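Keep the structure open beside the text as you read.

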Amino acid sequence: MSVLRTLESKLAGLVEGTFSRAFKSEVRPVEIARKLTREMDEHRVQSLSRVYAPNEYAVWLSPDDRKQFEGYEDELKRELSGYLLEHGRREKISLATRPQIEFRTDDRLRLGEFGIQARLVKPPERAEEQPSQGDHGHTMVYTVSDRLAEPLREPDHRRGTARLRVDGRTELVGAAGAVLGRSRDADVMVDDPNVSRKHAEVRPSGGSWIVRDLGSTNGVKVNGRRIQGPQSLRPGDTIELGTARVTFELE
C-alpha cells in the first residue's frame, strides 16, 4: 500500500467518527497532503552529502474552509506531519526536525483555494539559543478545481453517477467530478462562444452533488438563478453556462 493510500485509509477510517464534518470542506485533507509533498520536493537543497528540505509549512485557507476543520486541526496536523516525515525518509531527504504544520486564515482566498508557504528552520545547538530560521518562500496557491486526489470514499447510493445532458448528448460523470468548458481539455466540452475555456465544475461533495463557477466570464446559473459559491444540485436541475444549458440527472 502506498504512503498516500495509507494516509487516505487513516483519514477515511475517521469519517464516521470525529472527523466527519471536516470531510465536507471544499479543501480535502489528501489534497493538502499532495501539495505539501510537492512543496517539499520543489524546495530541496543539495549539500555535499545530503539533501535538505523545508521542515515548517504554513497552510493558508479561506475563512470558510478553515471553519470546516475547527476542532480537528491538531489531529490533522499530526497525520500530515507523519506523512511528510515518511515521504522524506522514502526520498532520502534530511529534515532538521519533524515537519511542523500550521493552519492559517487568509481572507483573500476563495472557498476551495489554499496556499502553502514552506521554510527550512534549523534547531538551536544549545537550549538557550534561538533557532535559525530561513526566509519564508513564496506562497503557492492551489485550487481544488485542479483536483488530482481520488475521493476518500466511493460515492454512496445518494450520489451515484451523474448524467449531464448537453448539446443533444449525454455525458457520464463519476466520483472524480468533471470540468465543463469550451476548451478541448475540459472533461465535458461545451461548444458555445459564451462559455469560458474552463467554466464550471460538477462533482460530489458531502453526500450530494454540487456545481461551482471556476471564475468564468459570464457566470453560472442554476434554474435561472446566478450562483455565488458552490450550489447543490438535484435531478432535473438546469445549469446555465453563459447561454448554454446543461441538464443534471443521476443514474
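A salt bridge here is a side-chain nitrogen of Lys or Arg within 4 Å of a carboxyl oxygen of Asp or Glu. This is a predicted model, in which local features need pLDDT of at least 70 and side-chain atom pairs count only at pLDDT 80 or more, while totals for chains, interfaces and linings use all residues. Residues are numbered from 1 along each chain as its sequence is written, and side-chain values use heavy atoms, with hydrogens and water left out.

**Charged pairs**

Side chains of opposite charge can pair when their charged atoms come close.

| Salt bridge | Closest N to O distance |
|---|---|
| Glu-56 and Arg-119 | 3.4 Å |
| Arg-38 and Glu-42 | 3.3 Å |

Start with Glu-56 and Arg-119, which form a salt bridge. Glu-56 belongs to strand E3 (residues 56-61) and Arg-119 to strand E5 (residues 113-119), so this pair ties together parts that are 63 residues apart in sequence. Helices (H or I, at least four residues) and strands (E, at least two) are DSSP runs, numbered from the N terminus. For burial, read buried as under 20% relative accessible area, exposed as over 50% and partly exposed as in between (1.4 Å probe, protein chains only). Glu-56 is partly exposed at 24%, whereas Arg-119 is buried at 14%.

Arg-38 and Glu-42 sit four residues apart in helix H2 (residues 29-42), about one turn of the helix. Arg-38 is partly exposed, with 37% relative accessibility. In the remaining pair of the table, Arg-108 is exposed at 71% and Asp-106 is buried at 15%. Elsewhere, a network of salt bridges links Asp-41, Arg-44, Arg-90 and Glu-91.

**Strands and their partners**

In total, the chain has four helices and 19 strands. Two strands count as paired if DSSP finds at least two bridges between them. Five strands make up an open sheet in the order E12-E11-E13-E14-E17, with mixed pairing. At its edges stand E12 (188-189) and E17 (231-233), each with a single partner strand, so one side of each has no neighbour in the sheet. Strand E14 (residues 208-213) runs antiparallel to E17, and three bridges join them; Ile-210 stands opposite Ser-232 in E17.

Now look at E18 (residues 238-241). Thr-238 and Glu-240 point one way from this strand, Ile-239 and Leu-241 point the other way, and all are buried. Strand E15 (residues 220-222) pairs with E18 in the antiparallel sense over three bridges, with Leu-241 as the bridge partner of Val-220. E18 also pairs antiparallel with E19 (residues 244-250), over four bridges, where Leu-241 stands opposite Ala-244. Two residues lie between the strands of this hairpin, and Gly-242 takes a positive phi near 65°.

**Nonpolar cores**

A nonpolar core is a set of buried Ala, Val, Leu, Ile, Met, Phe, Trp, Tyr and Cys residues joined through side-chain atoms within 4.5 Å. Which residues touch the most other members of the largest core? They are Val-202, Val-211, Leu-233, Ile-239, Leu-241 and Phe-248, out of 22 residues. Elements giving two or more residues to this core include E14, E15, E18 and E19. A second, separate core has 20 residues, among them Ala-53, Phe-69, Leu-76 and Ile-93.
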